[in-house]
Amino acid sequence: MNEELGITIGTEARAARQHLGLTQAEVAERVGLVHPVYNRLERGKMLPSVPSLYRLCRELRVSPEKLMGLTATGDVRKGTKPKPQEEDAPELRRLLHLARKLDAEDLAALLHVASALAR
């Protein structure tokens with residue numbers, strides 16, 4: 001295993017996950033990994049398979065180049081920090097993720113509560 005690549009992927013994955021306001025368990029579930037395996041990935045102790053890398057990029061909304069510390073031309077970037085993106089608040093994204101898991105009746109109840117709170 002390329003230790004430097006593992007650390008880079010883990011560091012970028014952690015930064016993207018935290019930016020989205022997600023827990024390791026939530027990302028692991030979305031990507032199809034068990035939590036301890038995802039934890040090892042974030043700590044740079046393992047490299048993801050290509051299908052896992054694809055799902056990780058999709059769920060964390062980050063390009064493979066970014067996750068692997070590469071520029072669009074393939075050059076390695078050292079010491080760069082991710083640029084903040086103007087997106088919804090992490091709490092809102094997390095609420096949306098949880099709402100997608102609800103059945104129709106529970107979703108209607110959540111909508112009712114949210115409407116009442118917004119008044």
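Predicted model: local features only at pLDDT ≥ 70, side-chain atom pairs only at ≥ 80, totals over all residues.
**Core.** I started with the largest nonpolar core, which has 17 residues. The members touching the most others are Ala-13, Val-27, Tyr-38, Leu-41, Leu-56, Leu-60 and Leu-67.

**Tyr-38.** Setting aside neighbours within four places in sequence, I found Tyr-38 in contact with Ala-13, Arg-17, Gln-24, Val-27, Ala-28, Leu-33, Leu-56 and Leu-60.

**α2 against α3.** How do these two helices pack? Their axes are 9 Å apart and the angle is about 105°, so I noted α2 as roughly perpendicular to α3. On the α2 side I listed Gln-24, Ala-25, Val-27 and Ala-28, and they meet His-35, Tyr-38, Asn-39 and Glu-42 of α3.

**Ala-99.** Next I moved to helix α6 (residues 90-99), where Ala-99 sits. Is Ala-99 buried or exposed? Its relative accessibility is 13%, so I put it down as buried. Beyond neighbours within four places in sequence, Ala-99 is in contact with Leu-107 and Leu-110. I also checked Leu-111: it is 12 residues from Ala-99 in sequence, and the two C-alpha atoms are 9.5 Å apart.

**α7.** Last, I followed the chain into helix α7, residues 104-118. From first C-alpha to last, its 15 residues reach 21 Å, close to the 21 Å expected at 1.5 Å a residue. At its N-terminal end I found Asp-103 as the cap, with a side-chain oxygen 3.3 Å from the backbone nitrogen of Glu-105.

Technical notes
Residues numbered from 1 in each chain as written. Heavy atoms only, no water. Core = buried A, V, L, I, M, F, W, Y, C linked by side-chain atoms within 4.5 Å. Buried < 20%, exposed > 50% of the residue type's maximum accessible area, 1.4 Å probe, protein only. Contact = heavy atoms within 4.5 Å. Helix = DSSP H or I, 4+ residues; strand = E, 2+ residues; numbered from the N terminus. Expected span 1.5 Å × (residues − 1). Polar contact = N/O pair within 3.5 Å; in protein donor to acceptor, adjacent residues only side chain to side chain. Axes fitted to C-alpha atoms, helices over the stretch in contact; angles between N-to-C directions. Parallel < 35°, antiparallel > 145°, perpendicular 65-115°, else oblique.
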